Each structure stands twice: as C-alpha cells, then as structure tokens.
Amino acid sequence: VLSTSVGLRVLMVVVVVLVVVLVVLVVVVVVVAVVWKVYVWDTRDFKCRMVVDLGCGAVWSLVVVQDEVWIGTAAQIVRYSADYKLIDILQGHTKPVTGIICVRNTEVWTCSQDCSIRVWTIAGECTHVLQDHTLQVYALLAFNDTCVLSGSWDKSIIVWNSFTKVPAQILKGKHDDAISSLIAVPHAATGKQRVWAGSWDRVTSIW
C-alpha cells in the first residue's frame with residue numbers, strides 16, 4: 001500500500017510539472033506572436049489600418065528612410081515600402097538592433113546589442129562597422145550633418161564624425177549604468193542644441 005501511495009504521488013508531481021511546462025509554452029507562443037508584429041495606425045482617427053507580421057523576432061526600433069520603413073528586429077533589419085510591401089531583409093548584426101537613424105538623408109546608422117554600429121547606404125549596403133564601444137549600444141542621435149552620437153552599456157557616449165566614421169570625442173564619467181537614450185534639445189536662453197542623455201542609473205545628463 002505504501003509503495004502504491006508513493007507511486008501515485010510521483011505520478012501527480014509529474015503531471016503537475018507537465019501542465020506547468022505546457023502553460024509556459026503557451027504563454028511564450030502568445031507573447032512572441034504579439035511582439036513580432038508592427039501595427040500601422042491612422043492618425044486621423046487612431047484606428048489600426050494594417051498589421052505587418054514580421055515573423056523574425058521582437059521589434060526594437062523603427063525609422064523612416066525616404067519612402068521606406070526600416071525595422072530593427074532580433075538580429076536583422078527588415079525594409080518595407082510605404083505601401084506595406086516587403087523590400088528585403090538586411091543581415092549583419094548578430095543581436096537585437098536597438099536603434100536606427102537616418103543621417104543627411106543619404107545613409108542609415110544602426111546600433112545593436114552585439115556592441116557594434118553599422119552604417120548603410122540608402123540602398124541597403126553596409127559600408128562601415130564601428131566597434132569602439134565595449135558593451136551593448138542602445139542609442140543613436142544625429143546631432144547635425146557632421147556629428148552622430150551613440151550611447152552604450154559601457155557608460156560612455158561616443159561623438160562620431162559622420163563623414164570619416166572616426167570618434168571625435170568620448171564622453172564618460174557621468175553615469176553608473178547603461179546609456180539608453182539620447183535627444184537634442186534647444187537651450188531656452190541661447191537656442192543652441194544641448195544633448196540630453198538618459199541612463200538606467202536614473203540620471204539624465206546634459207551636455
């Protein structure tokens with residue numbers, strides 16, 4: 001009788017574990033099904049007009065490049081036309097593409113958790129791979145025609161010459177965690193642009 005009781009308990013534990021595993025799998029499938037899509041909204045009435053199912057990973061970033069939409073996903077850049085037609089998929093990054101910006105309307109810069117920044121032509125050809133950051137890169141900012149800034153988990157901001165693709169300056173010492181966002185804001189008194197950097201350390205620095 002004792003042996004039978006132990007056997008029933010073991011069987012019940014196995015059944016519970018299997019049920020938990022199935023529930024987790026269902027949740028994962030549902031989440032993936034949701035995050036692998038891009039929703040197109042009409043700003044006139046804020047209704048969703050189109051759902052683009054990428055099927056290649058979570059969407060991390062978006063940018064308009066002329067009459068195209070560039071979408072940063074798990075390790076690829078998916079390009080769509082303005083009428084929702086797939087153009088192509090750009091390979092190169094090996095981890096999520098966390099940021100995309102258009103520079104001078106002639107080239108596109110992308111950053112990634114693979115610690116690199118890539119520069120692309122408008123046609124989708126990769127021309128440069130910049131690897132001066134030592135950890136994941138989360139933010140890009142086209143400050144002006146000659147200057148691009150990047151923020152990283154290595155706690156630094158690199159100021160790039162957008163023509164030579166060489167760092168002109170490295171800003172650090174103000175943050176204790178990843179720099180996750182960069183924006184340019186006109187100073188209220190002078191009108192000159194200042195760079196605001198947001199970080200996971202709950203601090204915003206102004207340069």
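Residues are numbered from 1 along each chain as its sequence is written, and side-chain values rest on heavy atoms, with hydrogens and water left out. As the model is a prediction, local features need pLDDT of at least 70 and side-chain atom pairs count only at pLDDT 80 or more, while totals for chains, interfaces and linings use all residues.

Rings of Phe, Tyr and Trp (for Trp, its six-membered ring) are taken to pair if their centres lie within 6.5 Å; planes under 30 degrees apart count as stacked, over 60 as edge-to-face and the rest as tilted. By this rule there are four aromatic pairs. One of them joins Tyr138 and Trp200 in a tilted arrangement, with 5.2 Å centre to centre and 50° between the planes. This pair links distant parts of the chain, 62 residues apart: Tyr138 belongs to strand S11 (residues 137-144), whereas Trp200 lies in the loop between strand S16 (193-199) and strand S17 (204-206). Strands are DSSP runs (E, at least two residues), numbered from the N terminus.

Accessibility is described in three classes: buried means under 20% relative accessible area, exposed over 50%, and partly exposed in between (1.4 Å probe, protein chains only). Tyr138 counts as buried because its relative accessibility is 13%. Trp200, with a relative accessible area of 42%, is partly exposed.

Trp200 also pairs with Trp153, edge-to-face, at 5.2 Å centre to centre and 65° between the planes. Here too distant parts of the chain are linked, since Trp153 lies in the loop between strand S12 (147-152) and strand S13 (157-161), 47 residues apart from Trp200. Trp153 is partly exposed, at 31% relative accessibility. Together, Tyr138, Trp153 and Trp200 form one aromatic cluster.

Strand S12 also holds Ser152. With a relative accessible area of 0%, Ser152 is buried. Leaving aside residues up to four places away in sequence, Ser152 touches His133, Leu135, Gln136, Val137, Tyr138, Ala178 and Ile179; contact means heavy atoms within 4.5 Å.

Another ring, that of Phe163, has the charged end of Arg104 sitting over it, 4.0 Å from the ring centre. This description requires NZ of Lys or CZ of Arg within 6 Å of the ring centre and within 35 degrees of the ring normal.

Finally, Tyr39 is located in strand S1 (residues 37-42). Tyr39 is partly exposed, with a relative accessible area of 39%.

Conventions:
Helix = DSSP H or I, 4+ residues; strand = E, 2+ residues; numbered from the N terminus.
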